[in-house]
Amino acid sequence: MTDLYYDVCGTGPVLLILPGGAGHPMGLEPLTDRLSERFTVVTYDPLGLAHGRLGQPVADQRVEEWSEGARRVLDAVLPAGEPAYVLGTSAGGVVALDLAVRHPGRLRHVVAHEPPCVTVLPDGERQRALFARVYDTYRAAGPQAAGALMGAVLTETEATGTATAKAPLDGQPLSPAEESASPMALFLAHVLRPFTAYAPPARPVEAPLTVAAGADSAGQLLHRTAAVLAERCGGVFAEFPGGHIGAVEQPGAYADRLTEVLGAPTR
């Protein structure tokens, strides 16, 4: 990996944003605009999807490679030895956890919002198998059918174990060109399985850590995953406004809550 893709806005202490999905920062502009009033916001785009690379072939992704890229971004924007704040959401939250494990000295405080590290749960193997079924559904019937199943998995709808498994698949698989042009398809094809299989070591991380979940996600899969991860990694569990995509749903309230949790100076 030689190229780094990221955007910088605002002034103040550095806050690295690690988006979810396939790493495309779409929908995060209202959040980063609000945060840029208090931070130098650095938004990492690991595959360069927002920087002219959407439509190019993508291989299966590895958490460790995104984490190493994030570390290189910090090296590029920070003076040697200076730490940064980090926010990772969903798949980006997985990367934030790995970054905290590998490079705690570069981190002032990490917030990992609903990272889908479901293997840490008591029923983790079942949950991982459900995400594997989401992938199989994507390959057989395309992103709409896979997205519907994934929504059922995340909300722990009873249908994931019964009716959905038997329902006919409605949809067609995408061509390689169609897949490479869709961030959602790239996530389903190349990010979902390896990132939901990731589990951080069962020991406290050295960097200050908050594992967050949306208040609207209470009772759902990734809310309970966040609580388990906080205990496993020696972090603090905190609720944020909205649900799994609260950063997009309620950007102003989310930004204010993030600033509160980070304990960052306000202006």
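**Close-up views of a predicted model**

**Figure 1. Packing of helix α9.** The buried residues of α9 (183-190) pack against α2, α5 (124-141), α6, α8 (176-180) and α10, where buried means under 20% relative accessible area, exposed over 50% and partly exposed in between, computed with a 1.4 Å probe on protein chains only, and where contact means heavy atoms within 4.5 Å. The model is predicted, local features need pLDDT of at least 70, side-chain atom pairs count only at pLDDT 80 or more, and totals for chains, interfaces and linings use all residues. Residues are numbered from 1 along each chain as its sequence is written, and side-chain values use heavy atoms, with hydrogens and water left out. Helices (H or I, at least four residues) and strands (E, at least two) are DSSP runs numbered from the N terminus. Helix α9 is mostly covered, with 7 of its 8 residues buried, namely Pro183, Ala185, Leu186, Phe187, Leu188, Ala189 and His190.

Figure 2. The largest pocket holds about 600 Å³ of space; on a 1 Å grid over the protein atoms alone, a pocket is an open set of points with protein on both sides within 12 Å along at least five of seven lines, and lining residues have an atom within 4 Å of a point. The lining comprises 26 residues, of which Gly20, Gly21, Ser90, His244 and Ile245 lie nearest the centre of the pocket. At least two lining residues come from each of α6 (143-155), α9, α10 (192-196) and α12 (246-249), and α9 gives the most, with 3 residues. The lining divides into 17 nonpolar, 9 polar and no charged residues, with Ala, Val, Leu, Ile, Met, Phe, Trp, Tyr, Cys and Pro counted as nonpolar, Asp, Glu, Lys and Arg as charged, and the others, Gly among them, as polar.

**Figure 3. Two loop residues with positive phi.** Ser90, which is among the residues nearest the centre of the largest pocket, sits in the loop between β4 (84-89) and α4 (91-102). Although Ser90 is not a glycine, its phi is positive, at about 55°, and its relative accessibility of 14% counts as buried. Glu114, in the loop between β5 (107-113) and α5, likewise is not a glycine and has a positive phi, of about 45°, while its relative accessibility of 2% counts as buried.

**Figure 4. Aromatic pairs.** The structure holds 3 aromatic pairs, a pair being rings of Phe, Tyr and Trp (its six-membered ring) with centres within 6.5 Å, called stacked where the planes are under 30 degrees apart, edge-to-face where they are over 60 and tilted otherwise. In one of these, the ring centres of Trp66 and Phe195 are 4.9 Å apart with the planes at 65°, so the pair is edge-to-face. This pair links distant parts of the chain, since Trp66 belongs to helix α3 and Phe195 to helix α10, 129 residues apart, and both Trp66 and Phe195 are buried. Phe240 and Tyr254 form a tilted pair, 4.9 Å centre to centre with 55° between the planes. Phe240 lies in strand β7 (residues 236-240) and Tyr254 in helix α13 (residues 251-262), so the pair ties together parts that are 14 residues apart in sequence. Phe240 is buried, with a relative accessible area of 1%, and Tyr254 is buried at 0%.

Figure 5. Gln61 is placed in the loop between α2 (49-53) and α3 and, at 9% relative accessibility, counts as buried. Not counting residues up to four places away in sequence, Gln61 touches Leu47, Trp66, His190, Val191, Pro194 and Phe195. Ser67, in helix α3 (residues 63-77), is buried with a relative accessible area of 0%. Leaving aside neighbours within four places in sequence, Ser67 is in contact with Val95, Asp98, Leu99 and Arg102.

**Figure 6. Thr32 and the cysteines.** Thr32, in helix α1 (residues 29-35), counts as buried at 9% relative accessibility. Leaving aside neighbours within four places in sequence, Thr32 is in contact with Cys9, Val41 and Thr43; Cys9 itself counts as partly exposed, at 29% relative accessibility. The structure holds 0 disulfides, a disulfide being a pair of cysteine sulfur atoms within 2.5 Å. Cys117 is buried, with a relative accessible area of 0%, and its sulfur is 7.9 Å from the closest cysteine sulfur, in Cys233, too far for a bond.

Definitions and conventions:
1 Å grid on protein atoms, 1.4 Å probe; cavity = no way out; pocket = protein on both sides within 12 Å on 5 of 7 lines; lining within 4 Å. Points joined across faces, edges and corners; volume = space filled by probe spheres on them.
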